[in-house]
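Thank you for making the time this morning.

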Amino acid sequence: MITFIPRDKVSKNWIIIAPILSIFFTIFFGLLIFTFLGYNPLETLYQIFVSPFSRIDRISDILVKACPLIIIGTGLMLCFKSNVWNIGAEGQFIMGALLAGFIALSFPNIETKFFLLITIFAGFVGGALWAFIPAILKTKLNVNEILVSLMLVYVAMLFIDFIVRGPLRDPMSFGFPLSKPYPEGALINKIPFPGIGFLGQLHYGILLVVLLIPVSWIFVNKTLGGFKINVLGSAPQAAKFAGFKQHSITITVLLLSGGLAGVAGVIEVSANIGQLQPEVSFGYGFTAIIVAFLGRLSPIGILFAGIIIATVKLGADNAQMTMGIPKVVTGLFEGILLFFLLTGETLQKYKIKWSEGKK
Amino acid sequence: MRNIVILLGVLVIGAVGFLFYQDKSEIPVAEKETSVTKVGFVYLTTPGDHGWTYAHELGKQMVEKRFGKDVKVSVVENVPEGPDATRVIRELAKGGNEIIFTTSFGYMDPTLKVAKEFPDVKFEHITGYKRSKNVATGNIRFYEGRYIQGVVAGLMTKTNKIGYIGAYPIAEVIMGINAFAQGLRSVNQDATISVIWANTWYDPVKEADSAKVHIAEGADILAQHTDSPAMLQIAEKEGALGFGQSTDMSAFAPKAQLFASINNWGPYYIKKIEELRNGKWNTGDGPDHWAGNVWGGLKSDMLIISKFQNMPDEVAQKAQEALDGIKTGKINIFAGPLIDNTGKEIIPAGKALDDGALWGMNYYLQGVDGKVPG
């Protein structure tokens, strides 16, 4: 039997040392695996960790990839902090994108970019409504929100599939499941840099991340709402005695996280795809769960976690392009990285106690 | 504490050394030898050992074998059809690849987007309908193989029920079903095809379930326009027969596979790379609808029929006749009179559907049960 006992005091040193040790172990096992499989280990590590930063447009690709992860992760942070387990951000992402897409496609000639405010708002509403289902079931009927939110992901996937094959299919798409392209007013443009032009896919949606991180930091750390969420998560009894309405907090965090996932969906589609298709998310909603925990449920941590995950994903592609390393191998390495980072995190807060199994 | 300090020291030294480590992979771009052509491939999945992407992998291997050291191939597998595709294709273009093959329909818009940014790089998009100055498209006349499947099915079935598993109700799949029906009815007017839509290109569980439903409803011959060997494995277990898709699947079902239609991309890849090396690459004079700049079939060896097996010699001979007939042009699969399964005449005798009309198919021909969804 292994039991985890919370440490009385988390050592300041270990807060710094643990992640470094985690990365050390990751690199050690990475070197071992890559050498064993016959790849130049240093070059592989270079491709995975450094090459994504080796050109300015590659850095912008990291930001593009991290953008939805950070937005969703920030929303999930609010849920997880208050012990509400929203696993369905993927579905909320899709429904946000879908509702915004429906509105965008209803105005085929609109050109003003102010229209984006409407579609982004629609995305928030779409995601929030989808998260409202587990919220209401949890608070009224005490149904487990993990199951409901997770299963609604599949409903959302099938729903968007149905929509782009049926009602919103572009008649000119030769039967392929694609909507018409969005009107100009619903597209998020790439950012032009004077003298350089565009940097990869870097688009204005990234500004939302710039805005979201400080706002959510202030919300969590400096407002009563944030305080309530923290208390509810760390000491539910205390929250009850203080008279915090648990149900309304649960509903609020689910609506916020669903809404943010929906906004991420709008940004992803409006900036990178430009039309609805059967698949608009590629596991962002699930990856963001890892991002939220890797970022220790803090906005700044989530910013970095999003960037780390995006870097490794891009690095894996680079390793494949330049060295022919299959995705399964880099995927294994990603797994090792996450394992050690989360282990380090856990051991920082808990002691392991080995004891005789008692029944 | 001392141990930790030592550990950190080692880490710092390692990190510093690592930062000085040079990225060798990017140097060759500058010093590129002119005789080496860099070729990029984008795959939807990992190749595995069967199905769509594996067929492309075999094509890529043919390229490597044919050109040897004159070609340097880079592959990226498992690329989702969205923003990731755009990024990966751009990286391949930036990495000095002169021709890039994007091997799935969903890479269409990403390919065009990147092609605009790299006017000197050539792109070949598989199965798409949009093209531009430096984007050509290629596709295979998969339906030709399905006609032969229909002939074999018509001769082999005892229950006169054929179970067909479709991926999505799009023109490409529907024309395959109709070609199958044409082959079927050329030898057996009583047999009918029932279609189950799996709504996926690749999902062994769903495909297996669909196969079980077909067999339970009395079908003894199964055909598929999905990608996994699951259907054949079920057929093998239940004593039914069927056809392999994209690659030879007899290893999965030695007693059930009658033959497989094999996608043979190699010759097309080699031709296009050769054209590029000779400075003669172009988007071809193919028709300007979306059949593809290159739309090759049995005649051009882009579609190959595997060995006829698990059938009597007479059937194999009939199948061979159909195969030869298509190759020589003696058989025109969609020649009139064509009547759809509601009795409406599509095209009168003496005429035939052209390539453009095939891509507009949203109806079933005689011999197919039900109607096209949507």
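This is a predicted model: local features need pLDDT of at least 70, side-chain atom pairs count only at pLDDT 80 or more; totals for chains, interfaces and linings use all residues.

**Starting from one residue in chain B**

If we set aside its neighbours within four places in sequence, B:Ala230 is in contact with B:Pro204, B:Glu207, B:Ala208 and B:Ala211. B:Ala230 belongs to helix H9 of chain B, which covers residues 230-238. Is B:Ala230 buried or exposed? B:Ala230 has 24 other C-beta atoms within 10 Å, and because the cut-off for a buried residue is 20 or more, it counts as buried.

Let me now step back to chain B as a whole. Chain B contains twelve helices and 14 strands, and of its 374 residues, 50% are buried. If we take the contacts in chain B with a separation of 6 or more, 64% of them are between residues 24 or more positions apart.

Next comes the sheet. Which strands of chain B form the open sheet, and in what order? There are six of them, arranged as E2-E1-E3-E4-E5-E11, and the pairing is parallel. The edges of this sheet are strand E2, residues 71-76, and E11 of chain B, each of which pairs on one side only. On average, neighbouring strands of the sheet are turned by 20° against each other, with direction ignored.

Six of its six residues are buried, so E5 is largely enclosed by the rest of the structure. In a regular strand, the side chains alternate between the two faces of the sheet. In E5(B), B:Val135, B:Thr137 and B:Asn139 point one way, while B:Ala136, B:Gly138 and B:Ile140 point the other way, and all are buried. E5(B) pairs in the parallel sense with strand E4 of chain B, residues 122-126, over four bridges, and here B:Val135 in E5(B) is the bridge partner of B:Phe123. E5(B) also pairs in the parallel sense with strand E11 of chain B, residues 294-296, over three bridges, where B:Ile140 stands opposite B:Gly296.

**Helices of chain A**

A:Gly126 sits in helix H5 of chain A, residues 115-141, and is buried, with 30 other C-beta atoms within 10 Å. Beyond its neighbours within four places in sequence, A:Gly126 is in contact with A:Met95, A:Gly96, A:Leu98, A:Leu99, A:Ala100 and A:Gly262. The C-alpha atoms of A:Gly126 and A:Leu69, which are 57 residues apart along the chain, are separated by 18 Å.

Helix H3 of chain A, residues 56-81, packs against H12(A) at an angle of about 140°, and their axes are 8 Å apart. The two helices are therefore oblique to each other, and H3(A) passes H12(A) in a right-handed crossing. The residues of this contact divide into 13 nonpolar, four polar and three charged.

A second pair is made by helix H1, residues 12-36, and helix H2, residues 41-50, both of chain A, which pack at an angle of about 125° with their axes 9 Å apart. H1(A) and H2(A) are therefore oblique to each other, and their crossing is right-handed. In this contact, A:Ile27, A:Gly30, A:Leu31, A:Phe34 and A:Thr35 in H1(A) meet A:Pro41, A:Thr44 and A:Leu45 in H2(A), and the residues divide into five nonpolar, three polar and no charged.

**Where the two chains meet**

Finally, how many residues does each chain bring to the contact between them? Chain A gives 30 residues and chain B gives 34 residues. On the side of chain A that touches chain B, at least two residues each come from H1, H2, strand E3 (197-203), helix H10 (246-273), helix H12 (299-323) and helix H13 (327-349) of chain A. H12(A) gives the most to that side, with four residues. The residues of the side of chain A that touches chain B divide into 13 nonpolar, ten polar and seven charged.

Technical notes. Residues are numbered from 1 along each chain as its sequence is written. Chains are lettered from A and ligands numbered from 1 in the order in which they are written. A residue is buried if 20 or more other C-beta atoms lie within 10 Å of its own, exposed if 12 or fewer, and partly exposed in between; C-beta atoms are placed from the backbone. Two residues are in contact if their C-beta atoms, placed from the backbone, lie within 7 Å. Two strands pair if DSSP finds at least two bridges between them. Axes are lines fitted to C-alpha atoms, for helices over the stretch in contact, and angles run from 0 to 180 degrees between N-to-C directions. Angles under 35 degrees count as roughly parallel, over 145 as roughly antiparallel, 65 to 115 as roughly perpendicular and the rest as oblique. A crossing is left-handed if the near helix is turned anticlockwise from the far one by less than a right angle, and right-handed if clockwise. Ala, Val, Leu, Ile, Met, Phe, Trp, Tyr, Cys and Pro count as nonpolar, Asp, Glu, Lys and Arg as charged, and the others, Gly among them, as polar.
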